[in-house]
Amino acid sequence: MEEVNLLNSMPLFPENGKQKTDNGSTNSPSNTHLSKKSRPQVARPLVWVTLAFMGGLAAPSWGLRIPGGWLLLGLSVLGALLVLAWWTKRQAGGPALAFFCLLGVAFYQQAQQPFFPPPHLTNLPLEEELTLEARLVRPGKIGAQGVQMLVEATAWRSPSGWRPVSGKLLLTAPSFKPPPVGAALVLKTRLRAPRVLKNPGSFDRARYLAADGIFRVGSLRRPEDLIVLANAGASPLRERLRGSIRRLLEKLPQAPRAMYLAMLLGDQGEITPEMRQAFSRTGTSHLLVINGMHLGAVAAVAYFLCFLMLRRFPRLLLRINALKVSTLVAAVPVVAYAWMAGGSPATQRAEIMVLAYLLLLFLGRPREVWSALALAALIILCLSPLRFYTISFQLSFITVAALIYFLNRWFRRDWEDLSAARWLWKWRKKAWLWGKEAAAASLVATLASAPLVAAYFQVVSLLGAAVNLAAIPLVLFLALPLGEVAVLAQSLHLTPAAQGLLALGQIPLWLGYETIAAAARLPGSAFTCPTPTWWQIAAYFLLWVMLFPLRRRWWTWMGAALAGVALAGTVSLPLLQGPKDLEVTCLDTGGVLAGVAVSPEGQRLVFSAPGASWPGQGGGSPGPLPAYLHGRQWQRLDEVVALRLAQGNAPALLALARQFRVGQFWYGRLGSQGPAYYELMNLLGDQRRSPRSLEWGNPPGVLGSVALAWRPLGARGVALQLTYQGRVVLILPPGTRIPAGKWAFPPGTRPAALFLPGKPAPDLETLAASLHPEIIIIYGAAPEDMASGALPPGSRCLRTADGAVSLRVSAGGASVRQWHP
């Protein structure tokens with residue numbers, strides 16, 4: 001809090017244009033040398049400093065790149081101006097904000113490319129099998145792709161023996177029970193740098209991992225590649241306590257056990273897909289992640305219990321300040337809860353936010369919530385600048401800021417008639433007011449988080465405010481405190497008391513989950529929406545701020561009208577605009593074929609084919625295809641075609657079936673099968689629209705004015721041929737093998753474009769040389785894996801590894817455009 005007081009006392013923002021003389025009198029600006037340059041003091045300067053710092057962190061994502069030398073020079077000049085302003089007691093608000101903005105740019109660039117010491121994982125060879133010694137530093141996460149484990153490397157086996165090494169490594173392993181945190185491991189893996197797919201709207205996984213200090217990833221192909229050392233020393237106290245809590249929770253039913261594991265230990269491994277879908281549809285997924293609401297609930301319960309106990313001792317109140325003592329007591333379970341949960345980044349962020357507000361309470365400034373929020377954000381971003389781009393940080397601070405701004409405007413307490421009222425009427429009135437305030441807070445939080453949830457998850461809950469109003473008291477104010485007291489009892493070896501508390505806590509936890517599940521089953525409880533652009537999100541928030549300003553003026557109505565028009569225009573414009581030519585887009589996927597063809601009439605055909613796969617292959621991620629289609633703000637797909645259907649592309653098709661209105665699914669040949677493949681088939685079967693075969697199911701012959709042809713390739717699937725205005729586009733799936741002379745085009749016919757898989761086989765190179773297409777697009781390979789020496793001369797060659805490629809075919813010819821980040 002000293003930082004808040006220091007900034008408020010700095011002469012960078014003079015107070016109300018007045019200065020005090022030595023004798024305490026106040027001189028007006030006209031009697032001082034600052035008369036013409038003095039301005040009113042800026043309220044809460046820490047807020048503006050934090051916003052400037054955030055602007056600097058956001059600027060590089062908009063394309064701003066400043067060389068290190070120029071950045072250092074700018075910071076030095078601005079720092080000198082600030083020192084000069086302090087020395088001469090002049091205002092320097094503009095240079096101060098510019099300084100912190102440049103400081104944000106510097107923090108971002110340093111976090112993206114930090115300095116690594118020589119014995120670091122980033123200095124070890126890539127794509128070579130290495131043997132490492134490591135220690136598990138975070139609980140493993142069990143998901144569709146297996147188990148994810150974050151380990152800290154300690155040594156590696158070089159050709160000359162074991163050498164020390166440092167750095168974090170994110171491992172993906174086959175499904176098994178992960179070892180406890182702190183366990184020493186020996187593993188074999190191949191190091192890889194996180195790769196960012198170069199598609200519009202793609203998730204920047206490398207930046208997301210860099211926020212945790214992770215710059216290398218690896219995978220374990222077999223369980224034998226991981227050995228847990230049994231004699232690595234005693235487990236830490238926290239892990240022994242976590243293990244005992246796990247054993248106690250094993251006796252609870254599945255749903256309460258899974259929720260308690262997530263809320264108490266930060267372990268979501270037992271949350272089933274059905275539970276995740278229920279929480280997602282009702283806007284209550286935040287209950288499963290330890291965030292500021294969990295820590296705030298624990299602090300609130302501890303604060304009020306301590307305050308009520310102190311009120312029982314009037315003589316003690318004469319000697320101590322009950323409010324400050326209660327604040328200090330409330331900080332203890334917050335720190336203990338965060339420590340017990342494993343110290344994940346989201347938990348650390350929430351801990352800083354709650355402790356910052358408790359500090360304001362302790363200093364007697366509970367209304368300075370804006371300064372507390374700014375202080376917490378500044379601390380978090382200084383420690384980890386890339387947290388600014390995480391969904392958890394954005395949701396937390398946007399929601400809290402909306403509650404601070406809107407809640408006082410939407411709800412105002414009225415305690416006027418309570419002083420002379422009877423106790424029963426008084427409590428009824430208080431309960432009514434508390435209920436109204438909780439409903440208003442739930443509505444504000446739901447409206448504030450809706451655009452960000454839509455941007456990251458493409459779903460909006462219509463019942464979120466009502467379900468949160470019912471579930472939060474049961475889960476956070478009843479079940480969670482009972483669970484925390486059970487953890488305390490277990491730490492004191494009071495196992496029977498801990499068992500009784502958990503058995504009692506499962507009742508409100510079960511009621512909360514049943515409320516959520518029942519609401520999720522209601523028709524229309526949530527709907528899937530396209531991904532909003534950041535301009536649409538900005539217009540959305542501007543509309544609400546202008547509708548409920550600090551002081552209503554004519555320009556606030558104008559701002560609200562402009563924001564509403566901009567929001568409506570950006571939403572309706574993609575619906576009104578239609579393509580004039582055939583458009584074929586192929587995405588950067590790193591191994592599979594994924595793209596979409598759009599006819600001049602606006603009809604859409606999605607095509608997909610897997611890369612290399614094997615029987616029993618585990619589940620994977622949906623890849624970039626659903627996110628790209630959401631980014632185009634499409635909700636309807638006329639045809640979805642799997643040129644070859646296998647476990648490799650089944651997750652993407654499953655996401656399309658769940659999130660879009662699809663006319664019909666088609667497949668060429670069936671490949672290896674796995675969990676996502678069976679789930680896709682079951683879902684389409686339940687919806688009575690099972691996929692149909694391209695070979696004997698009467699596939700579509702046209703897409704609007706575009707002619708479609710399906711060329712069988714045997715076990716490798718089917719090739720797609722599109723013809724528009726006499727120009728041919730040929731799309732070949734991965735692993736294609738074509739005998740010489742099988743395909744022939746009329747003499748003089750030259751295809752407009754040919755889509756080839758990465759590392760083309762010799763027969764495909766021969767085919768490309770014989771067809772001599774105008775444009776060749778190579779997909780599904782890393783840049784270092786591709787060579788264009790065998791490609792025909794005179795053909796323009798593009799690689800999706802350099803960015804997604806969009807082809808346009810018209811009567812005048814074919815043109816191509818490549819997306820660059």
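## Helix α13

Start with helix α13, residues 369-383, in this predicted model. The helix has 15 residues. At 1.5 Å a residue, they should span 21 Å.

Which residues of α13 are buried? Ser371, Ala372, Leu373, Ala374, Leu375, Ala376, Ala377 and Leu378 are among them. Ile380 and Leu381 are buried too.

## Helix α9

Helix α9 covers residues 292-310 and can be checked in the same way. Its 19 residues should span 27 Å at 1.5 Å a residue. The end C-alpha atoms of α9 are 26 Å apart, which agrees.

The buried residues of α9 are His294, Leu295, Ala297, Val298, Ala299, Ala302, Tyr303, Cys306 and Leu310. What covers them? The cover includes α7, α10 (314-317) and α11 (322-340). It also includes α12 (345-362) and α16 (464-491).

## The whole protein

The protein has 821 residues, and 47% of them count as buried. It holds 23 helices and 27 strands.

Contacts reach along the sequence. Take those between residues at least 6 apart: 67% of them join residues at least 24 apart. The protein exposes about 40900 Å². Carbon and sulfur atoms supply 61% of that area.

## Leu187 in strand β8

Leu187 lies in strand β8, which runs through residues 184-190. Is Leu187 buried or exposed? Its relative accessible area is 1%, and buried means under 20%, so Leu187 is buried.

Which residues touch Leu187, leaving aside its neighbours within four places in sequence? Leu130, Thr131, Leu132 and Ala134 are among its contacts. Leu171, Leu220, Asp225 and Leu226 are in contact with Leu187 as well. Val228 is 41 residues from Leu187 along the chain. The C-alpha atoms of Leu187 and Val228 are separated by 8.7 Å.

## The second largest pocket

Rolling a probe the size of a water molecule over the atoms shows where empty space is left. The second largest pocket contains about 610 Å³ of space. Two elements each give two or more residues to its lining: α6 (237-249) and α7 (254-265). Helix α7 also belongs to the cover over the buried residues of α9.

Which element gives the largest share of the lining? That is α6, with seven residues. By class, the lining has nine nonpolar, four polar and 10 charged residues.

## The largest cavity

How many cavities of 30 Å³ or more does a search of the whole structure find? It finds one. The largest cavity has a volume of about 40 Å³.

Val640, Ala642, Leu645, Leu653, Phe665, Trp666, Leu680 and Pro691 line the largest cavity. Strands β16 (636-645) and β17 (661-670) each supply at least two residues of this lining. The largest share, three residues, comes from β16.

What classes make up the lining of the largest cavity? Eight residues are nonpolar, with no polar and no charged ones. The lining of the second largest pocket, by contrast, includes 10 charged residues.

Definitions and conventions:
Residues numbered from 1 in each chain as written. Predicted model: local features only at pLDDT ≥ 70, side-chain atom pairs only at ≥ 80, totals over all residues. Heavy atoms only, no water. Helix = DSSP H or I, 4+ residues; strand = E, 2+ residues; numbered from the N terminus. Buried < 20%, exposed > 50% of the residue type's maximum accessible area, 1.4 Å probe, protein only. Contact = heavy atoms within 4.5 Å. Areas by Shrake-Rupley, 256 points an atom, 1.4 Å probe, with all protein chains shown as cover. Expected span 1.5 Å × (residues − 1). 1 Å grid on protein atoms, 1.4 Å probe; cavity = no way out; pocket = protein on both sides within 12 Å on 5 of 7 lines; lining within 4 Å. Points joined across faces, edges and corners; volume = space filled by probe spheres on them. Nonpolar A, V, L, I, M, F, W, Y, C, P; charged D, E, K, R; others polar.
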